[in-house]
Amino acid sequence: MYRLAMSAPFSLRLDSELKARLEAEARNQDRSASHVAAKAIEMFLDAQDAKRLAIERALEQADAGAFVSADAVHRWMNSWDSDQELPEPQPDRLKEP
């Protein structure tokens, strides 16, 4: 979570279109452009951390010989935004020794 008390100055260059979008969003949120930029950077880094963790987990499962079939993934994805959303599929294919 972005905390002003723990902030430190940081500068970056933005093209004029991106700067205008940032300033417009800051006005829409009634916040400073630096607050919106810091929040966006935090969200991006959180997403990258989550992606990296998911990849590491998948690689560990693959190294152990555990895989989720495409059918299981498709069933799960097709259930999204429904009243009966399925849980994340667990490995259902094992590498033969």
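**Figure 1. D81 in the loop between α3 and β2.** D81 is placed in the loop between α3 and β2; helices (H or I, at least four residues) and strands (E, at least two) are DSSP runs, numbered from the N terminus. The model is predicted: local features need pLDDT of at least 70, side-chain atom pairs count only at pLDDT 80 or more, and totals for chains, interfaces and linings use all residues. Residues are numbered from 1 along each chain as its sequence is written, and side-chain values use heavy atoms, with hydrogens and water left out. The phi of D81 is near 60 degrees, a positive value in a residue other than glycine. Most residues other than glycine have a negative phi. D81 has a relative accessible area of 80% and is therefore exposed; buried means under 20% relative accessible area, exposed over 50%, and partly exposed in between (1.4 Å probe, protein chains only).

**Figure 2. S79 and its contacts.** S79 lies in the loop between α3 (70–78) and β2 (93–94). Its relative accessible area is 6%, so S79 is buried. Not counting residues up to four places away in sequence, S79 touches Q84, E85 and L86, where contact means heavy atoms within 4.5 Å.

**Figure 3. The aromatic pair W76 and W80.** The structure holds one aromatic pair. W76 and W80 form this pair, which is edge-to-face, with 5.0 Å centre to centre and 90 degrees between the planes. Rings of Phe, Tyr and Trp (its six-membered ring) pair if their centres lie within 6.5 Å; planes under 30 degrees apart count as stacked, over 60 as edge-to-face and the rest as tilted. W76 is partly exposed, at 22% relative accessibility. W80 is also partly exposed, with a relative accessible area of 39%.

**Figure 4. Helix α1 and its ends.** Helix α1 covers residues 16–29; at 1.5 Å a residue its 14 residues should span 20 Å, and its end C-alpha atoms are 20 Å apart, which agrees. The expected span is 1.5 Å times one less than the number of residues. D15 caps the N-terminal end of α1, with a side-chain oxygen 3.1 Å from the backbone nitrogen of E17. After α1 comes D30, whose phi is positive, near 55 degrees. D30 lies in the loop between α1 and α2. At a relative accessible area of 71%, D30 is exposed.

**Figure 5. The crossing of α1 and α2.** The axes of α1 and α2 come within 8 Å and cross at roughly 105 degrees. The contact is made by L22, E25, A26 and Q29 of α1 and A33, V36 and A37 of α2. Axes are lines fitted to C-alpha atoms, for helices over the stretch in contact, and angles run from 0 to 180 degrees between N-to-C directions. The two helices, α1 and α2, are therefore roughly perpendicular to each other; angles under 35 degrees count as roughly parallel, over 145 as roughly antiparallel, 65 to 115 as roughly perpendicular and the rest as oblique. H35, V36, A38 and E42 are buried in α2, and the buried residues of α2 pack against α1.

**Figure 6. R57 in helix α2.** R57 lies in helix α2 (residues 33–63). The 31 residues of α2 should span 45 Å at 1.5 Å a residue, and the end C-alpha atoms are 45 Å apart, which agrees. R57 is partly exposed, with a relative accessible area of 41%. Its side chain makes a polar contact with the side chain of E88 (3.2 Å). A polar contact is a pair of N or O atoms within 3.5 Å; within protein, one must be able to donate a hydrogen and the other to accept it, and residues adjacent in sequence count only if both atoms are side-chain atoms. Just after α2, G65 takes a positive phi of about 90 degrees.
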